[in-house]
Amino acid sequence: MSSWWRDAVIYQVYIRSFADGNGDGVGDVAGLRSRLPYLAALGVDALWLNPWYASPQVDAGYDVSDYRRLDPLFGDLDDAKALIQEAHAHGLRLILDIVPNHTSDQHAWFQSALAAGPGSEARARYHFRPGRGADGSEPPTDWPSIFGGPAWTRTVDADGKPGDWYLHLFAPEQPDLNWTNQQVRREFEDILRFWLDLGVDGFRIDVAHGLTKDPAFPDLASREAGGMLDAATEDHPYFDRDETLAIYEDWRRVADSYEGERVFVAEAWVADASRVARYLTSTRLHTAFNFGLLSCPWEASALRTEIDATLDVLAAVGAPPTWVLSNHDVIRHATRYGRAHTSLADARHLYGTPVDHALGERRARAAVQLINALPGGTYVYQGEELGLPEVEDLPPSVWQDPNRRYKDHDGPVRDGCRVPLPWSGDAPPFGFSPDGATAPWLPQPAEWKNRTAAAEEQEPDSTLSRYRALLRTRRDWLNRGLGASTALEWLPNAPDGVLAFRRGEVICYANLSAAPVELPAGHRVLIASEPVEGTVLPVDAAAWLVAE
Ligand code: BGC
């Protein structure tokens, strides 16, 4: 039997926006527990939960102040234990999000580092350095924070004078840990064990490519500073450095010492698939998100190039690919695909411009049908199964994304893909919270009344109904072609703009061309993203076929 994670469909639960059990307008563990039957019925194999640890919530929980406690916003350890047990009872595995690159500035370690002063053992767990210039008033390097502004903040010494600077690749409230420090390394292994002992099935590793920094702290100077998306290749001062890989060898030993297959998935925004493969040997991590497809335009040749590159390099290390279209950091794909220019870079550029929602949703349905026919695992970002678009017109007064604090940050606000899910009813909060609750932490568009899970459940042709049917069909055909062990074979002579390939007994056709295409004779349609009349696959649709 193949390992579960090699072809798992994993649902990303952005917990604060999934379901609110206690009525404070923020999603929580109680809400998630109440919706486990929905997730089981959807047909996914596992859940990945965004961070639920104690946190001041400056970056929606990616600023952790205590890795062994839940934030009271979400529940407590008893809730966590109950969730793990109930998820397992529903046949769902559970993956947590571990945040090792940085802590919160409110973490006990950082507070004691500030108090202990320069040169102390407490400061050695982070990156504190003197500033440049005669009075140390210039940051130690020219590195920018991903959220805008410099990646360094100056401290104040006990005598009230300006002191050393500390590094934060993200917000100032997220100081970077020093991974050459043995205490840091041992502490995180211990945190992994804490949660593995409670029965979790694995971890998504936040900023997995960022943990180690060049000890010489060179300037970026003329090289591309980049955000996470543009992480450069060789010898970057803080991304994708060789030393990081050894950390994961230690982590793998921890995971392998547990029963069951406990796994890691790396969030590694590196230059290309060959760089991702370095993380995925049998002594390092199991899988990594494949952001190549998520960044690609809706164009057959670009998608095929990306698919081939991924399959080639991952086959060489024996790791399965994962296919991702959306997550809590990027513009939802139903919106990206609804414009004339459809890459992620285009979407950032075209933010707020008119969108053809029907077109976007139609392509999104075809895309999910396509990725679920590829070898490897897939991810579903909560709400995509309802066809939710990005909410691009949230008023600035409700924005919470820390990247908006900085004028030099030109990326879109990430709140637009984090709007609480619509479950039922005709008006906000659409069943997200119980009656009489505080309003959801971000406002939901009134037109989502047609997008609730309850409404879509009634509609055989809704995106939700199609996801359910698709995932059911995928399961049914895992042993006959769609499973991890079957290679992908491109079919010759596919018309331009059409992706056509075979996996065992199953053939997948995705029509990204401008005209309907004829499907191969002697086959019946197992399932399609749009109704298929006779043997004609419409534009922006995908179908799975088997021989008659
Ligand atoms: C997470 C982001 C977060 C950042 C800093 C990421 O890549 O996905 O949501 O802001 O790491 O922790």
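A polar contact here is a pair of N or O atoms within 3.5 Å. With that cut-off in hand, welcome to the close-ups of this predicted model.

View 1. The side chain of histidine 328 brings an N or O atom to 2.9 Å from an oxygen atom of the ligand, which means the pair falls within the 3.5 Å limit for a polar contact. Histidine 102 also places a side-chain N or O atom 2.9 Å from a ligand oxygen. For arginine 204, the corresponding distance from a side-chain N or O atom to an oxygen of the ligand is 3.0 Å. On its own the ligand has 310 Å² of accessible area, and the protein covers 99% of it.

**View 2. The largest nonpolar core.** This core holds 144 residues, and Tyr11, Leu47, Trp52, Ile98, Trp195 and Trp251 have the most contacts inside it. Domain 1 and domain 2 both contribute residues, so the core lies between them.

**View 3. Leucine 47 up close.** Leaving aside residues up to four places away in sequence, leucine 47 touches Ile10, Tyr11, Val13, Leu32, Leu36, Leu39, Leu92, Arg93, Leu94 and Ile95.

View 4. The domain assignment gives domain 1 as 4–102 + 182–457 and domain 2 as 108–167. Taken over C-alpha atoms, their centres are 30 Å apart. Domain 1 supplies 23 residues to the contact, and domain 2 supplies 17 residues.

Note on methods
Residues numbered from 1 in each chain as written. Predicted model: local features only at pLDDT ≥ 70, side-chain atom pairs only at ≥ 80, totals over all residues. Heavy atoms only, no water. Polar contact = N/O pair within 3.5 Å; in protein donor to acceptor, adjacent residues only side chain to side chain. Areas by Shrake-Rupley, 256 points an atom, 1.4 Å probe, with all protein chains shown as cover. Core = buried A, V, L, I, M, F, W, Y, C linked by side-chain atoms within 4.5 Å. Buried < 20%, exposed > 50% of the residue type's maximum accessible area, 1.4 Å probe, protein only. Domains from an automatic or database assignment. Contact = heavy atoms within 4.5 Å.
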